[in-house]
Amino acid sequence: MGEIKIKRFMLCNEAIARGCLEAGLDFATGYPGTPSSEVIDTLNAYHDRNFYVEWSVNEKVALENAIGASWCGLRSICVMKHVGLNVAADPFMSLAYTGVKGGLVVLSADDPFPHSSQNEQDSRRYAHAAKIPCLDPSTPQEAKDMVKYAFCLSERHEIPVMLRPTTRICHARSDIEIDDIPKESRRGRFVKDPKRWVLVPAHAKELHKKLNEKQEKIIEDLSSTPFNYSINRGETAIISSGVASAYAHELIPDGVSFMKIGTYPIDLRKLKAFTERHKKILVIEELDPVLEEAARMVSSSEIIGKMTGDVPLGGELNLNIVHGILEKNGISPKIRYEERDPEEGLPKRPPSLCAGCMHQPTLYAIEEVFKGDIYPSDIGCYTLSAHAIDTCLCMGSSVSIGSGISHCEGRNVVVTIGDSTFMHTGIPGLINAVYNDAKMVLVILDNRTTAMTGHQPSPGTGENISGTCKELSLEAICRACGADLVETVDPYDFVVMKEALHRAKAKHGVRVIIARHPCAIIEKRRKGEEIPFEIDVKRCTKCGDCLDYGCPAIELYDIKPIINDLCNGCGICSVLCSSGAITRRKER
Amino acid sequence: MIGDDPLNIIITGVGGQGNVVASRIIASAAVNEGLYVSVGEIYGASQRGGAVTSYVRLSGEMQYGPIIPRGMAHIIIGFEPIESLRAIGNFGSKKTRAIINPRPIYPVDVLSGTLEYPPVEEVLKAIKELVYGVQVIEATELAKKAGDAVMQNIVMVGCVVGSGLIPIEIETTKEIIKESFAKERVEANLKAFKSGVGEIKGRKAV
C-alpha cells in the first residue's frame with residue numbers, strides 16, 4: 001500500500017544472498033563454481049553473521065551437510081553450478097523422498113552458451129526427475145523474491161526446492177528492493193523419526209507415495225505466485241521462461257499473447273487453457289525444450305519451438321535471436337533491429353594463464369620430460385595452458401581417466417589436477433589407481449587456492465571460509481592412499497622440477513609429485529610486485545624458446561622478443577634461455 | 001526523463017582493465033539518479049586477459065534485460081582499440097558515440113608473433129566510419145599523471161560523465177567513487193575522474 005521500498009544496486013548473486021538473509025537463513029554450504037560462487041562469498045561477508053556457512057569439499061558433501069541442518073529444523077541453502085548437481089545427484093534424488101524439516105533450497109546455476117562450463121545441461125530436468133519444485137528467475141529481483149518464497153514453500157510441503165538461475169541472471173546487476181534482516185539466530189534439534197530419515201526399501205515405498213501425493217498441492221501453491229502470469233490479446237502467443245522471457249517481453253508487440261512460466265511442475269491445466277485460446281504458439285526458452293514438451297503434451301494448437309527447428313537447441317538466446325524467431329514466424333517485433341555484420345578478422349583474445357602462473361612451468365616441464373606421452377588433466381585454470389593438457393571432462397576425472405588409459409596404453413600417463421579439484425573428487429581415483437595397480441604419475445598443481453572461481457580456500461590451504469583452520473597435508477593424504485612415491489617441489493625452481501619428474505619417470509607404480517607455489521594473483525596481493533626481467537637484445541639469438549613457453553609477459557616486438565609490463569619476476573624464462581640473454585632488471 | 005530509453009551503454013576492454021569497476025560506478029550513480037538500471041556481465045575470463053564486455057542499460061520507465069541487442073548501443077566506452085572495434089562492429093551504428101583509449105594490449109597470439117595487431121590508426125579510422133562520433137582519449141597517460149596507469153578506467157568514466165551523454169551528474173558519480181575504494185585510494189581515483197571530466201570538457205562535442 002504505497003510503501004516505498006529501499007533499493008540497493010547489487011549483483012543478482014548478492015541479491016540471492018540478501019534474500020536468504022531476509023528469510024532468516026541458518027545454514028549455507030556450497031562448492032565454488034561459475035556462475036554461482038558469489039552467493040556463498042556474499043553470505044560469508046555479511047557483517048552480522050549469525051548463521052553457519054562453509055565451503056564444502058564437493059557438492060555431494062555440501063548438500064548432505066545442508067540436509068543435516070534441515071533435518072534439525074533449520075533453514076539451509078546449498079549452492080552449486082549445474083554440473084555440481086551431478087556430483088550431488090545421489091543425495092538429491094533420495095532427499096525428495098525423505099523430504100525436509102527446515103526449508104532447504106538447492107541452488108543449481110545453469111550456464112547456457114556455456115561461458116565457463118563443460119556442458120549445457122538443464123537443471124530443470126533434475127528437478128523433474130526428483131519430483132521437486134523448481135523456480136526459474138527471469139530477473140535479479142525475481143531471483144531474490146523466489147529464494148525467500150522457496151524457503152516457505154519448502155517448509156509447507158516438507159520438500160527441497162530448487163532455484164535455477166542461469167549465468168545471465170546470476171551475473172546481472174540491478175537495483176533491488178530490500179527488506180529487513182531478522183536478528184535472532186536459532187539452534188537446531190534433530191527429532192528421531194526412522195520412518196522418514198532411514199530410507200530402507202519398506203520406508204522408501206511409503207515415502208514415494210507421499211511424494212507423489214504432494215505434487216498437486218505444490219502446483220496449487222505455485223499457481224498463486226507472481227512468478228507465472230499470462231496476458232491474452234490475440235490468436236498468436238509466446239510462452240517463455242527465465243531470461244528469455246525478459247527478451248520476449250522487450251520485443252513482443254501488442255496483439256500477441258504472452259505467458260511467462262517461472263515455476264515447475266508446470267500447471268498443465270492452466271497451460272492447456274492458455275494454449276487452446278491460441279492458434280499458434282511460439283515457445284522461447286533456453287537449454288532443453290521443457291516448456292515446449294509440456295505445451296505439446298496438452299495442446300492441439302500449432303507449437304513452434306526447438307522441436308520445429310525455430311529456436312536453437314544449444315547456446316544462449318539473446319534479443320537478436322529472439323527478434324529473428326519472431327520475424328520468421330510472422331510477428332513484427334516492437335523494436336526493429338538492423339542486420340549487422342560483426343567485425344571479422346580482428347585477432348581473437350581468449351583468456352590465458354597469468355604471467356608467473358605456477359601451472360605453466362609445471363606443465364612445460366612435464367611436456368619436456370615426458371615428450372610424446374599422455375597428459376590427462378582436469379577442471380581448473382590449467383586448461384588455459386597450451387602445454388600438456390590432453391583431456392578435461394569433469395571434476396576429479398583426470399586421475400581415473402589416467403589410470404584407465406594406463407591399463408590400455410604403453411606410453412607414460414602423466415595426470416595433472418589442481419589442489420582443490422583433487423580434494424573434491426580426485427582422492428577416490430587415486431585410491432582406485434593404487435588399489436588396481438595402475439602405472440602413472442600424478443602431479444598435483446597446488447597453487448594454494450581455488451583460483452578459477454575467485455580464490456576460495458580449500459582443505460590443503462589451512463584456511464576455511466571463516467579463517468584459519470587445520471591444514472590437511474596433501475603429502476600425508478597421498479601416502480595414506482598408498483602412492484609409491486610422494487615428492488613436493490616448487491615449480492618456480494624449474495631445474496629441480498624437471499629433476500623430480502625424471503626421478504618419477506624412472507620409478508614404477510603410482511607416483512605423486514606435488515608442485516607447490518601460490519597462485520600468481522594471490523602472491524602479488526600478498527607480497528607486492530617483484531622486480532621484472534628483461535631481454536638483452538645483443539645476446540638474444542632469436543631462437544624463440546622463450547616465446548614457445550607462452551607467457552603473456554613475453555612478446556614479439558619487431559622480430560625480437562621483449563618482456564612487457566605484465567612480468568611478475570618469476571624468472572622461468574631466464575632458465576629456458578640458452579644464450580643467457582634474460583636477466584632481472586637492476587630496478588623497476 | 002532521458003533521451004533514448006533505454007539508454008544502452010557498452011564498456012569493453014581486456015580482463016584486468018577494470019571493466020567491472022567502471023560499470024559498477026556508472027550504474028550505481030544512475031541508481032542514485034533514480035533510474036532503472038540493468039547491467040550484464042560475464043565473469044571468469046575477466047582476470048585472465050580475455051576480452052570483457054559490460055552492458056549497462058538505463059531507463060526512466062522499466063527494468064530492462066541485462067544484454068544489449070546488436071547495433072543498438074548509444075554509447076561505447078572502449079578501453080582498448082581492437083576490443084572497441086569488435087564491440088562497435090557488433091553493437092555500434094551511425095547513432096553510436098564512442099569514447100576510446102587508443103593504447104593497445106596485445107592478445108596472446110599477437111605476443112607470440114602468430115597474428116598481427118592491426119595499426120592503431122587504421123583501427124581508429126575503421127571505428128570512425130562505423131559510428132556517429134569518436135573521442136580518442138589518452139586515458140592511460142592521464143591516469144599515469146593522476147598517479148597510476150590502472151586508473152584509466154576511472155579517467156574514462158570521467159570522460160563519459162563529463163560529456164553529458166548520460167543522465168548522471170558529476171557530483172553523484174564522485175560520491176559513488178568515494179564509496180567504491182579503500183580510503184587511501186579515493187583521492188587518486190577522484191583525481192583520475194576529474195582529469196577525465198576536464199579532458200572531455202575541453203573538447204568540441206561530437
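Colleague: In the chain A sheet, how many bridges join strand S6 (residues 134-135) to S12(A)?

Modeller: This is a predicted model, in which local features need pLDDT of at least 70, side-chain atom pairs count only at pLDDT 80 or more, and totals for chains, interfaces and linings use all residues. Residues are numbered from 1 along each chain as its sequence is written, chains are lettered from A and ligands numbered from 1 in the order in which they are written, and side-chain values use heavy atoms, with hydrogens and water left out. Strands (E, at least two residues) and helices (H or I, at least four) are DSSP runs, numbered from the N terminus; two strands pair if DSSP finds at least two bridges between them. S6(A) and S12(A) run antiparallel, and the number of bridges joining them is two.

Colleague: Which residue in S12(A) is the bridge partner of A:Leu135?

Modeller: Strands of a sheet pair through backbone hydrogen bonds, either parallel or antiparallel. For A:Leu135, the partner in S12(A) is A:Thr263.

Colleague: Which strands stand at the edges of that sheet?

Modeller: The sheet is open, with seven strands in the order S3-S2-S4-S5-S7-S6-S12 (chain A) and mixed pairing. An edge strand has a single partner strand, so one of its sides has no neighbour in the sheet. The edges are S3 (52-55) and S12 (263-264) of chain A.

Colleague: Is A:Arg18 buried or exposed?

Modeller: A:Arg18 is found in helix H1 (residues 12-22) of chain A. Buried means under 20% relative accessible area, exposed over 50%, and partly exposed in between (1.4 Å probe, protein chains only). A:Arg18 has 13% relative accessibility, so it counts as buried.

Colleague: What is the area buried between chain A and chain B?

Modeller: Buried area is the accessible area (1.4 Å probe) that two parts lose on being put together, summed over both. Carbon and sulfur atoms give 59% of it here. The area is about 4400 Å².

Colleague: How many salt bridges are there between chain A and chain B?

Modeller: A salt bridge is a side-chain nitrogen of Lys or Arg within 4 Å of a carboxyl oxygen of Asp or Glu. The side chains of A:Arg349 and B:Glu80 meet in one (3.2 Å, N to O). The count between the two chains is five.

Colleague: Which residue of S2(B) is the bridge partner of A:Ala172?

Modeller: S8(A) is joined to strand S2 (residues 36-40) of chain B by three bridges. These two strands run antiparallel. The partner of A:Ala172 is B:Gly40.
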